[in-house]
Amino acid sequence: MAAARQVLWLWALLGVPRVLGEPIRYSVAEESESGSVVADVAADAGLTPAQLSARRARIASPAGRQHFGLERGSGRLVVAERLDREEMCGRSRTCTLAFELLLSDPLQFFPIEVSVEDINDHSPVFPEERVTFKIPERGDPGSRFSVEAAQDLDIGSNGIQVYSISPENEHFSVSFQTHSESDMYVHLVLEKPLDREEQSEMDFTLIATDGGSPARSGTTQIHIIVLDVNDNVPVFTQKLYVGQILETAPVGTVVLRVVATDVDEGVNGVISYQFSQIQLLFAINPSSGEIQIVKPLDFEAAQKHEMSVRATDGGGLSELCKVLIEMVDVNDNAPEIVVSSFSSSLPEDTVPETVVALLTVRDRDTGVNGEVSCALEEEPSFSLRPAFKNYYELVTVSTLDREEAAQHIVVVTAADAGSPSLTTTHTFTVDVSDVNDNAPVFNQTSYTMYVHENNVPALLVGAVKATDADAGANAKVSYSLVPARPPEREPCSCVSVNSENGDVFVLRPLDYEQLRQLEVVVSAADAGSPPLSSTVSVRLLVVDENDNAPLVLHPGAQDGSPPSSELVPAWAEAGDLVTKVVAVDADSGQNSWLSYQLLRATEPGLFAVGAQSGEVRLRRPPTDRDAVKQKLVVLVRDNGRPPLSATAALSVLLVHGSWDAQLPQQSPAAADDEDGALTTSLIIALVFVSLLFLVSAAAFVACKACKRKEPSSGPVLYGPSSVQSYLADGAAAGTLPHAYCYEVSLTTGSGNSEFKFLKPVLPSLPAQHSSAEFTGNHADDFPPAPMIMGDADFESPGIQSVGQFNGL
């Protein structure tokens, strides 16, 4: 034992999990008091009491009944309840209780066997307190009369050792033979013939004594009735009758029949049968000797039944025989599942191969009917693996996800190998506790919110929403603004988010003209440890309000100075452009759509204002009745709700006769400046027209020289392609002057040519006319130059063509 303990200590120090091949064996006397020490099992298992406590050591009995207990503090194995060897093992020569010492972390088993030693705690007991024999007189000496042997539940030397008669008499002695502890034959031996005339009845005591110390004994009273001669006793056909019956056989089924014969005649040859002791499960027919079932049988309660049958003739002579009924096991017991340990709650980050439950299976049937297999119904997250003998471990095979399944219903099925097979199921409910493994998720990838400019402070404009698939504190979401990136960038101070519900507020009024949109990043974080978070972009669009009135850029009289005067010659025609009112609106969309209308005028019927363009044109030609100086007020209105407006004041001079006579009186210095500017403009215009004419004439001559075969009438100075190229070059250069209109007429044989300014600009040039249109736009040239009129004569015989040139 010392060597075995050294090996066990060595294995324990190395931490090697094992199951001992040979069990640890102890013995204990029956009837030991509860709490009696059996042995120091910790020392024999190579463990310390501290290890027993740390590894949650416990006793696991396959039968489910705990006869022994374990003191973890001392490591001693103690008796848990009174042990009755006869109750547990009957008359079996050996009585061994097997169980396991079970340890966890890691799982380890130590088989233990405790032999319960018999003590002399039972006295011999005869089946009957009084036995009557009818013996004929003149019986032959040496005749034997069977007596049912006494029963002693103790075994070995504590069992029955001797039979005796008290008081001793000269007629009888006792003889007994032992074939086995459960098979003993006792006979009364007639030593001297009886004489009915001397003594018709006789009484004495038969004593059975065991070999215990002190010895115990049991008695039965023997009553002898002396009869007239009946010299043949019944004789059984067999000393031992053996029968087999299924444990499920119904009540009333005949198991077997005993037969005895008597060679005597008459009443002495009539035989009746009866059990020598009371039987609860069987009954015998007194006449036929048939033994039948009177109560349901159970193989698991008793695998065989032994009894004695007495055959008695009419003369009182009797004989005994033994009957053995063997039970045939039927698969009538379903397997049992006993759970030793179970963890009903697991965190979702539990690693695979974690032991969830330890269970054992057993079946009360025997043989094939008692062979049990254990399986797990389809459950991908768990598996069942054998541990030791009939022990199984329920383990995880993959990681758990509470968000996918918060609870797992695991069904273990145990089935025996009988036919038909019987099954038992046990359901394990495993709750998966939450771990913070899911970050909050917004219900949108990005948010777009709108706010009208000039909003009230702390205005709710929308909300962001994030959900967390976790539970409890891990699913509680709080919102915040993410600091600006890079850090040196000034953080946004006009937007705030409610940390509880994600409401987004604009803290101060916004101006669309200063800030049209902004983007902030909102973070949603849970309350887990460590917390997880996610972000989303929130785009805030400022919606324009009509809060800006139109601003008049031309005529520019916003500084308080009097508006400039526009000159209109007396020969101007209806539709001629006088000037253009240019205005802008800082708003956007329809709030910036401007419309123009003539609000007031000295002569309302003389002028018209384009509603969309703001161009002021003559509605009719001016007359002498019209005032020379015309005052106009143009209303500029946007398309907002409500609309905002501004006015532009215009001054128009109608020129009749010479320029100087119609011009308003000015100071000499101002008049000189204006005359100088006008003269410079006229000179530049004349030089430009002259150069243009010379270039046209040279081009025409060159074309005539190259195409002598073509007709000589109606040539085109400039075709559409050359005109468009010219326009394109001019527009690309961006250097065309202000708008001027020219009309040149060159006729053959005439010495007069007309050069006119102030011709309306045509929107397009028809392809069938021999004309060319040159147009260039410069959007920033405000205001337009005043209109200039003049005549010029050119002589160019033999050429007739018309050209219109527009330059903006």
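Two strands pair if DSSP finds at least two bridges between them. Keep that in mind for later.

Good morning. This is a predicted model: local features need pLDDT of at least 70, side-chain atom pairs count only at pLDDT 80 or more, and totals for chains, interfaces and linings use all residues. Residues are numbered from 1 along each chain as its sequence is written, and side-chain values use heavy atoms, with hydrogens and water left out.

First, the overall picture. The protein chain has 7 helices and 51 strands. Both are DSSP runs, numbered from the N terminus: helices are H or I with at least four residues, strands are E with at least two. Of the 808 residues in the chain, 39% are buried. Buried means under 20% relative accessible area, exposed is over 50%, and partly exposed lies in between, with a 1.4 Å probe and protein chains only.

Now contacts, meaning heavy atoms within 4.5 Å. Take those in the protein chain with a separation of 6 or more: 69% of them join residues 24 or more positions apart.

Next, strand S23, residues 318-328. Is S23 enclosed or open? 9 of its 11 residues are buried, so S23 is largely enclosed by the rest of the structure. Which strands pair with S23? Strand S16, residues 240-246, pairs with S23 in the parallel sense, over 7 bridges. There, Tyr 241 has Val 323 of S23 as its bridge partner. Strand S22, residues 304-313, pairs with S23 in the antiparallel sense, over 9 bridges. There, Val 309 is bridged to Cys 321 of S23. The hairpin of S22 and S23 has 4 residues between the strands, and Gly 316 takes a positive phi near 95°.

Last, the aromatic rings. The structure holds 10 aromatic pairs. Rings of Phe, Tyr and Trp (its six-membered ring) pair if their centres lie within 6.5 Å; planes under 30 degrees apart are stacked, over 60 edge-to-face, and the rest tilted. Why is the pair of Phe 109 and Tyr 391 tilted? The ring centres are 5.0 Å apart and the planes sit at 45°, so the pair of Phe 109 and Tyr 391 counts as tilted. This pair links distant parts of the chain: Phe 109 is in strand S7, Tyr 391 in strand S29, 282 residues apart. Phe 109 is buried, at 2% relative accessibility. Tyr 391 is buried too, with a relative accessible area of 2%. Ring pairs also bring in Phe 388, making a cluster of Phe 109, Phe 388 and Tyr 391.
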